[in-house]
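These notebook entries record what I looked up in the structure shown below. I began with the sheet and then turned to the helices.

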Amino acid sequence: MEEEWMRDRALLRDLLTRYPLWTQQQYAQVVGRSISWVKKWRKRLREAEAHDVQVLMSRSRAHSAPYPSWDPRVEERIVEMRLSPPENLKRVPGPRALLYYLARDAELQALQVPLPRSTRTVWKMLHKHGCILERPKPKKQPLKPREPLEEIQMDFKDVSTVPSSESQEGKRQHIVEVCHFLDVGTSVLLGAHAREDFHAQTAMQAVIGFLRAYGRPPMMTFDRDPRWVGSSSGRDFPSALRQGNRI
């Protein structure tokens, strides 16, 4: 990509030398760039020497200006108000409250020092002085391997060979789904029930058929499909599987 950009800039420099009376629109049409691009690079190329190769390269977009440094007294006052809330505030002040009380502080106003205006800046100061502790990241541990028939996973899969249909609202509707019963310990597919009308009742019928064939395993896991877990409240549409766990 950088080579293409340098090629266009070199072409513009050549056109500026050969046709100095052209308009910016003509330069833009020949190079295939916008007029604003021609304005920017026309100025840069004219300020550099005729055979300078460095001017054709992109300039760094890294932040070059130094970041502002705050007066230590401002940071001390923020920490002090964080630990001892001002004006009998009955809670720990957050960044918005600290910005409000900073603007009302008489000592800082007398010093005439610049004050932060962003809550992000206040958060950084609080983290810097240890007023906010970061939560330790939980260590990920691999799951213990399951024994054969110790855990059975249930899930619905679409049959890709059967095309889906669309409802009147334009939503995709399933034609045929398969309810899989997979042994986690061996990754063996123990059962697959295909239907066109899978809902809570028919899904439970598939579970009952699996239990009759293999018995009750120690653990059966499933995702948050409403046909397994029911409604969010559990009142209008209680789940038979979740109700069984409560017994």
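**Entry 1: the sheet.** I looked up strand β1 (residues 151–158) and found four bridges joining β1 to β6, the two strands running parallel. Strands pair here if DSSP finds at least two bridges between them. Helices (H or I, at least four residues) and strands (E, at least two) are DSSP runs, numbered from the N terminus. I noted that Q153 stands opposite T221 in β6.

The model is predicted: local features need pLDDT of at least 70 and side-chain atom pairs count only at pLDDT 80 or more, while totals for chains, interfaces and linings use all residues. Residues are numbered from 1 along each chain as its sequence is written, and side-chain values use heavy atoms, with hydrogens and water left out.

I then read the strand order of the open sheet, which has four strands, as β5-β4-β1-β6, with mixed pairing. β5 (188–195) and β6 (219–222) stand at the edges with a single partner strand each, so one side of each is left without a neighbour in the sheet. Direction ignored, neighbouring strands of this sheet are turned by 20 degrees against each other on average.

**Entry 2: the hairpin.** I followed β4 and β5, which pair in the antiparallel sense over seven bridges. V178 stands opposite A194 in β5. Four residues lie between the strands of this hairpin, and S187 takes a positive phi near 60 degrees.

**Entry 3: the helix on the sheet.** I recorded that helix α8 (residues 200–214) lies across β1, β4 (177–183), β5 and β6 and runs at about 145 degrees to β5. Contact means heavy atoms within 4.5 Å. Axes are lines fitted to C-alpha atoms, for helices over the stretch in contact, and angles run from 0 to 180 degrees between N-to-C directions.

Entry 4: I found that the axes of helix α4 (residues 72–83) and helix α5 (residues 95–104) come within 10 Å and cross at roughly 120 degrees. α4 and α5 are therefore oblique to each other; angles under 35 degrees count as roughly parallel, over 145 as roughly antiparallel, 65 to 115 as roughly perpendicular and the rest as oblique. R77, I78, M81 and R82 of α4 make the contact with L98, Y101 and L102 of α5. These residues divide into five nonpolar, no polar and two charged. Ala, Val, Leu, Ile, Met, Phe, Trp, Tyr, Cys and Pro count as nonpolar, Asp, Glu, Lys and Arg as charged, and the others, Gly among them, as polar.

I next took α4 with helix α7 (residues 119–128), whose axes come within 10 Å and cross at roughly 80 degrees. From α4, E75, I78 and R82 meet V122, M125, L126 and K128 in α7. I counted four nonpolar, no polar and three charged residues in this contact.

**Entry 5: α1 with α3.** I looked up helix α1 (residues 2–18) and helix α3 (residues 35–47), which pack at an angle of about 70 degrees with their axes 10 Å apart. α1 and α3 are therefore roughly perpendicular to each other. D8, R9, L12, R13 and L16 in α1 meet W37, V38, W41, R42 and L45 in α3.

**Entry 6: confidence.** I noted a mean pLDDT of 86 for the chain, with 89% of its residues reaching 70 or more. pLDDT is the predictor's confidence in each residue, from 0 to 100. Confidence in the chain is lowest in strand β2 (residues 165–166), at a mean of 56, and highest in α4, at 94. Where pLDDT is low, the predicted coordinates should not be read in detail.
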